[in-house]
Amino acid sequence: MKELQYLNKYFVKYKFHFLLGIIMTIASQIFSLYTPKLISKSFMVIEDFHKNGLSSQAVKAELIHNIIWVLITTLIAGVLRFLMRQTLIVMSRHVEFDLKNEVFKHYEVLDQNFYKRNRTGDLMNRISEDVAKVRQYVGPALMYSINTFISFTVVIIYMYNVSPRLTLYTILPLPILAFIIFKLSQEINKRSTIFQQYLSTVFSFTQEIFSGIRVVKAYGLEKQYKNNLDDIASESKAKSLSLAGVQSLFGPLMIALIGISNLIVIYFGGMMYINGTIKSIGTIAEFILYVNMLTWPVTSIGWVSSLVQEAEASQKRINEFLKIEPNIKNKTTDSNPRGEKANKKTTIQGDIEFRNVSFTYEDTEITALKGISFTVKKGETLAILGKTGSGKSSILSLITRMYDIKEGTITIDGKKIDEVNLYDLRKSIGIVPQDAFLFSDTIKNNIKFGKENATDEEVIDAAKKAVVHNNIIHFKKQYETILGERGITLSGGQKQRVSIARAIIKKPEIVLFDDCLSAVDTETEEQILNNLLEITKDKTTIIVSHRVSSAKNADKIIIIDEGQIIQEGTHNQLVNQKGYYAELYLKQLSEKELN
Ligand SMILES: Nc1ncnc2c1ncn2[C@@H]1O[C@H](COP(=O)(O)OP(=O)(O)O)[C@@H](O)[C@H]1O
Ligand SMILES: [Mg+2]
């Protein structure tokens, strides 16, 4: 129960639901106890008819009276039971909602390293499956525990008042019932977890085939994959049948045990009636009803304990994630890692300086940057060129503070980067990553991702500047075209340009282009670069590229190789210098002439 204590704050938050639920449970129990009493009374009346010669008229009147009361009290108990569910189960849905949001919010502040360590499936599982299991604890498990506790107390007091000895006989088999149900529920849960886990294998397998269907068909591998799926599906069937096997024991077992309890009441009750300890047959009928009222609560003890065990395990997994502190902290908002109560907004000018920066990726231990130094002032453009794997993207990741450095200093407007408000920093940056990511949403919303409240005019303007407007208006639904999984697929170059529009619409102080013109032809590249000149007139711009054409207008160019700067200067300086840049320039010049 240690892990589940985390949820106590929610019980405090929803204390009114909680208290009201308890009151409803007690009230409903009390009303449902009228039935056995009334039945017992009815038996007594019939006995009176035989023994003491009560008139049949009077018996009939009394029986009808009792029947009406049974109906009324049962109805009231039913309504109260409904309200009990409405308060307690509704509370659990609220908690589920809150907990999901809490986990999601926490996911959002965690950094890249966390996402490298944990698989998407696992993240999804904890936010859906695990939270659902925890809800079972807050909802049904809690409700039935309260219910059981109250049923027991109330029913046993009632029984005890009628006959202490018969009470003892009646409840004797119940602990055995509870134990068996507990064992059975444990087994059911175990097998159901195995089955669930296996289902996720089935899903990942089929999902991969569906997404790669083009490759599968092109290579004529349908048959092989079908066979593979057959194997996986048979395995899944076996696991599901093994689950069904134990599940089907549940009902019959319960009925058998209720039956045994009933027999005990009839046997011992009968004996006691014969020797006169019990005055009326009605008492036996009353006890049979009590036993039946107790069976469900007893069953639920077993069931609830296995639910609690499961919830405990799930909450443990959730807590593990919630306890992880992001490595990248926003120091300016004192200790709150979520940066919610952000202090006053800092405006970023855009002066960037790297001083002797070295950087090693923690997980791979690859040293991506070694002693990098450069400055870009507000309004300037820096171009970074170099082979793949030389460390260009890593430089940009450090500017957006996806990682923190251990050696050297990076300053923004003369302030150390980790002392600048993280959220303000990222808000002032418009980055176009190397692998443009678009959501399966409309083109318009994908562009508006850069600026939530942008108008349609702004979206179109940004698309025009990114030279993608003419492509978009040729789609049937234009800006409303859905992209991705359920929509059309854009070409590599179109994707890059939509991604550029997204960065432009933000009107950021710092613009970072990570090799995002690689899939567009040189002519379009030229147009985009021209538009960019105007947009970034007084902004800081860094363009990463492997083309001289993207770099030649920059105020400064640096060439990096294996994480080190090997050349720097302007275009004119560098073409006249023997080295990587001049070679690249000549090579690309001759390619252009060939075209
Ligand atoms: N997220 C990452 N985790 C671990 N290593 C990385 C990561 N990104 C890049 N690297 C490594 O760092 C080096 C520099 O990569 P990168 O900055 O992406 O180069 P470029 O952008 O110039 O192609 C490479 O050796 C690459 O394998
Ligand atoms: Mg790169």
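This is a predicted model: local features need pLDDT of at least 70, side-chain atom pairs count only at pLDDT 80 or more; totals for chains, interfaces and linings use all residues.
Domain 1 and domain 2 do touch, with 4 residues of domain 1 in contact with 4 residues of domain 2. On the domain 1 side of that contact there are no nonpolar residues, 2 polar ones and 2 charged ones.

Now the cores. What is the size of the largest nonpolar core? It has 68 residues, and the members that touch the most others are Ile-384, Ile-447, Ala-466, Ala-501, Leu-512 and Ile-557. Helix α17, residues 492-505, gives the most to this core, with 6 residues. Domain 2 and domain 3 each supply at least three residues to this core. As a general remark, in soluble globular proteins nonpolar side chains tend to be buried together.

Leaving aside neighbours within four places in sequence, Ala-466 is in contact with Arg-497, Ile-500, Ala-501, Ile-504 and Ile-528. There is also a second, separate core, of 44 residues, and its members include Val-131, Val-138, Val-155 and Phe-287.

Next, the sheet. In what order do the strands of the open sheet run? The order is β2-β1-β4-β5, 4 strands with antiparallel pairing. At the edges are β2, residues 367-376, and β5, each of which pairs on one side only. In general, strands of a sheet pair through backbone hydrogen bonds, either parallel or antiparallel.

Going across this sheet, β1, residues 352-360, pairs with β4, residues 407-412, over 5 bridges. Within that pairing, Arg-355 stands opposite Thr-409 in β4. On to the next pair: β4 and β5, the latter at residues 415-416, are joined over 2 bridges, again in the antiparallel sense. Here Thr-411 stands opposite Lys-416, and Ile-412 stands opposite Lys-415. The hairpin of β4 and β5 has 2 residues between the strands, and in it Asp-413 takes a positive phi near 50 degrees.

Then the ligand. Which residues are closest to ligand 1? They are Tyr-361, Ala-368, Lys-392, Ser-393 and Ser-394, out of 13 residues that surround ligand 1. Helix α12, residues 392-399, gives the most to this shell, with 3 residues. By type, the shell divides into 3 nonpolar, 8 polar and 2 charged residues.

Last, a single residue in domain 1. Arg-126 is found in helix α6, which covers residues 120-162. Is Arg-126 buried, exposed or partly exposed? Arg-126 counts as partly exposed because it has 19 C-beta neighbours inside 10 Å, and a residue is called buried only if 20 or more lie within that distance. Leaving aside neighbours within four places in sequence, the contacts of Arg-126 are Val-103, Arg-317, Ile-318 and Phe-321. Phe-104 is 22 residues away from Arg-126 along the chain, and their C-alpha atoms are separated by 10.0 Å.

That is the tour.

Notes. Residues are numbered from 1 along each chain as its sequence is written. Chains are lettered from A and ligands numbered from 1 in the order in which they are written. Two strands pair if DSSP finds at least two bridges between them. A residue is near a molecule or strand if its C-beta atom, placed from the backbone, lies within 6 Å of it. Ala, Val, Leu, Ile, Met, Phe, Trp, Tyr, Cys and Pro count as nonpolar, Asp, Glu, Lys and Arg as charged, and the others, Gly among them, as polar. A nonpolar core is a set of buried Ala, Val, Leu, Ile, Met, Phe, Trp, Tyr and Cys residues joined through C-beta atoms within 7 Å. A residue is buried if 20 or more other C-beta atoms lie within 10 Å of its own, exposed if 12 or fewer, and partly exposed in between; C-beta atoms are placed from the backbone. Domain bounds come from an automatic or database domain assignment. Two residues are in contact if their C-beta atoms, placed from the backbone, lie within 7 Å.
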